[in-house]
Structure formats: C-alpha cells, structure tokens
Amino acid sequence: MSESKGVLQGFKEFLMRGNVIELAVAVVVGAAFTNIVNAVVKGIINPLVGALGSQNLDHYQSCLTATCAKDPKTGAFSDGIYILWGSVLSAALTFLITAAVVYFLMILPINKWKERQLFRKPVDAPLGPTEIELLTEIRDALVAQRTGGTPIPSGTIGIQKTHE
C-alpha cells in the first residue's frame, strides 16, 4: 500500500511542477491559436490566391495518369491518380503564418525583454587583478631575477606589486 502512495505522490508532484502546467497552458493556447490562423488562411489568404483561380485551395490538383475523370455532380474522383497540391499549399501557408506570428508576437518580444533584463543587472567589478596586471607582474619578476634584484616569493604574484 505504501508503494502505491509513493507512486501517487510522485505523480502529484510531477503534475504540480511548473513545467507541466506551463506545457498544458501552451497546448490549450496553441489549439485556440490554430483556429485563428485557419480563419485567417480561409478568410484572407485563400481569397487572395483564389483571385488567380479557385477560391478553395483544395481544388488545385494535377493528374498523373492520362485517364483522369471526375464526377461533375459530386466532385469525387472516379479514375486516375490525382496529386492534391492545393491542400499542401494551404497547409504550408498555415504553417508559415503560424510560425511568423509566433516568432514576431512571442519569441522576438521575449528575447528583447531578456536582453533588457540582462543590461539592468549591475556590472560586478573584477575580483582579482586583470590579465594585463598579472602579465606585468610576471614580467617585473623575471626582470628582477635577471638583474639580480630581490626575487618575488612564490605565490605572491597577483597579490603584491613589485617595483623596478
């Protein structure tokens, strides 16, 4: 019985994590957003494309065989092999519009906000000597050793400066 409590408790903790809840919200918002994008494609994009031909992109097709027949009353295909490239075009337009809206209305503003937050953080002063200061100290120590000056005790580079 205690093992089932542990499993249920673990499942409850999993569901209560922020990531799962955020993911569930994203799925719900995404489903609602899909309806908006589909309405834009059907209400705006398809009529614009329809100015060149049929307003319904599903009617754009090509026949691969020589004997293609379509029932004029129902519009169903009776013979031949059809490629429905209009449906693919409609799906591609829907994808591009969705990707553009997500990028320009969600990703881009969030990236700008993160960038502004990064610049708001105070700049910390370096804790130790800079690379140039360390190299200067090493040079001074080598010069002092070569000229017979007082050598710098080991472990003091970066802590105290030497004088030439």
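Residues are numbered from 1 along each chain as its sequence is written, and side-chain values use heavy atoms, with hydrogens and water left out. Because the model is predicted, local features need pLDDT of at least 70 and side-chain atom pairs count only at pLDDT 80 or more, whereas totals for chains, interfaces and linings use all residues.

The protein has four helices and four strands, which are DSSP runs numbered from the N terminus (helices H or I, at least four residues; strands E, at least two). Along the sequence these elements follow the pattern α-α-β-β-β-β-α-α. Of the 164 residues in the protein, 10% are buried; buried means under 20% relative accessible area, exposed over 50%, and partly exposed in between, with a 1.4 Å probe and protein chains only. The accessible surface comes to about 13,300 Å², and carbon and sulfur atoms hold 66% of that area, as given by the Shrake-Rupley method with a 1.4 Å probe, where for residues only the protein chains shown count as cover. Among contacts (heavy atoms within 4.5 Å) with a separation of 6 or more, 33% join residues 24 or more positions apart.

Helix α3 covers residues 85-120. Its 36 residues reach 51 Å from the first C-alpha to the last, close to the expected 52 Å, the expected span being 1.5 Å times one less than the number of residues. At Tyr103, α3 bends by about 40 degrees, this being the angle between axes fitted to the seven residues ending there and the seven starting there. The buried residues of α3 are Gly86, Ser90 and Thr94.

Tyr103 also belongs to a nonpolar surface patch of about 1,200 Å², whose members include Phe11, Ile21 and Phe104. Such patches are made of residues with over 30% relative accessible area and no salt bridge; like charges are joined within 9 Å, and nonpolar side chains (Val, Leu, Ile, Met, Phe, Trp, Tyr) within 5 Å. Helices α1, α2 and α3 each supply at least two residues of the patch, and the largest share, five residues, comes from α3. Phe104, found in α3, counts as exposed because its relative accessibility is 51%.

A search of the whole structure finds one salt bridge, defined as a side-chain nitrogen of Lys or Arg within 4 Å of a carboxyl oxygen of Asp or Glu. Asp140 forms it with Arg139, the closest N and O atoms being 3.0 Å apart. Asp140 is buried, at 10% relative accessibility, while Arg139 is partly exposed, at 44%.
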